[in-house]
Amino acid sequence: MKRLQGKVAVVTGGARGIGRVIVETFVNEGAQMVFSLDVIESQFESPNVRHVVLDVTNREQITAFVETVKKEFKQIHVLVNNAGITRDALIQKMDEAMWDHVINVNLKGVFNLTQAIAPIMMENREGSIINISSVVGEYGNIGQTNYAASKAGVIGMTYTWAKEFTRKGAAVRTNAIAPGYIETEMMETVSAKVIESICKKNPLGRLGKPQEIANAVLFLASDEASYVNGHVLSVNGGLRL
Ligand code: NAD
């Protein structure tokens with residue numbers, strides 16, 4: 001049997017990069033329906049995917065979306081909070097709008113979706129929430145005060161929800177993945193020189209691929225991870241060794 005046979009999943013930021021590969025992987029593993037939420041349109045067509053143009057900072061859009069899904073499917077088995085942005089600068093040059101934008105999407109967006117969807121999982125007494133953090137949330141990075149704060153915050157919420165959503169015998173697991181540097185459009189703002197030095201520091205000598213993150217997400221989403229809760233899985237090629 002495929003690992004997500006019959007499951008209903010929601011993936012934010014599903015139109016491109018890591019999110020898009022997560023959506024494809026879930027469909028290949030038998031998901032009944034994957035809702036791909038994004039502010040941009042997606043090219044990936046499948047009878048098992050519905051693209052919804054939705055901004056994770058817009059709570060009204062989220063409420064309307066979740067009500068519709070609840071009516072049609074009754075359950076959401078998997079939530080992947082993947083949407084994320086960067087607005088980099090040294091703190092002296094980071095204006096308030098850069099701080100607010102990154103915190104709103106990367107931190108409050110995760111709060112918004114989880115607050116709307118976790119009650120459905122709790123009612124059904126099962127579910128898996130996977131938050132995409134970052135190596136930057138674990139260890140910091142020059143020029144990324146806002147991003148590091150948002151991704152460290154995601155780890156804090158993960159630990160909290162691993163306790164909150166398992167109360168009263170509910171098996172709603174919450175875990176996070178902390179990717180290292182992955183080959184996506186997000187990395188296009190990083191200079192070739194910096195990418196070369198990142199690769200040199202990495203024992204595997206290269207950037208990661210979106211599929212390598214999607215594989216880890218699939219594991220945490222599936223019943224194979226039924227006893228994994230409140231864990232932050234670093235998928236970074238050994239970058240910090
Ligand atoms: P990406 O920029 O290629 O994709 C991010 C997606 O999120 C885009 O499709 C974008 O439209 C969507 N998005 C942005 N704002 C949104 C909003 N307000 N509402 C809904 N969707 C929105 O980035 P990626 O590299 O695929 O990153 C995916 C996740 O992985 C992010 O959370 C990112 O922080 C994290 N991450 C990436 C790397 C990396 O090296 N690429 C490393 C560590 C963590």
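**Notes on the ligand site and salt bridges**

1. K200 has 68% relative accessibility and counts as exposed (over 50% relative accessible area; under 20% is buried and in between is partly exposed, with a 1.4 Å probe and protein chains only). Its side chain meets that of E196 in a salt bridge, 3.7 Å from N to O (a side-chain nitrogen of Lys or Arg within 4 Å of a carboxyl oxygen of Asp or Glu). E196 is partly exposed at 49%.

2. Before going on: this is a predicted model, where local features need pLDDT of at least 70, side-chain atom pairs count only at pLDDT 80 or more, and totals for chains, interfaces and linings use all residues. Residues are numbered from 1 along each chain as its sequence is written, and side-chain values use heavy atoms, with hydrogens and water left out.

3. The whole structure has seven salt bridges. E224 pairs with R3, with the closest N and O atoms 3.4 Å apart. That pair links distant parts of the chain, 221 residues apart. R3, E29 and E224 are linked in a network of salt bridges.

4. R206 and E212 also meet through their side chains, at 2.8 Å from N to O. R206 is partly exposed at 34%, and E212 is partly exposed at 31%.

5. Now the ligand. An oxygen atom of the ligand is 2.6 Å from a side-chain N or O atom of D38, and one is 2.5 Å from a side-chain N or O atom of Y147. T184 has a polar side-chain atom 2.5 Å from a ligand oxygen. The protein covers 95% of the 820 Å² of accessible area that the ligand has on its own (Shrake-Rupley method, 1.4 Å probe).

Methods: A polar contact is a pair of N or O atoms within 3.5 Å; within protein, one must be able to donate a hydrogen and the other to accept it, and residues adjacent in sequence count only if both atoms are side-chain atoms. Helices (H or I, at least four residues) and strands (E, at least two) are DSSP runs, numbered from the N terminus.
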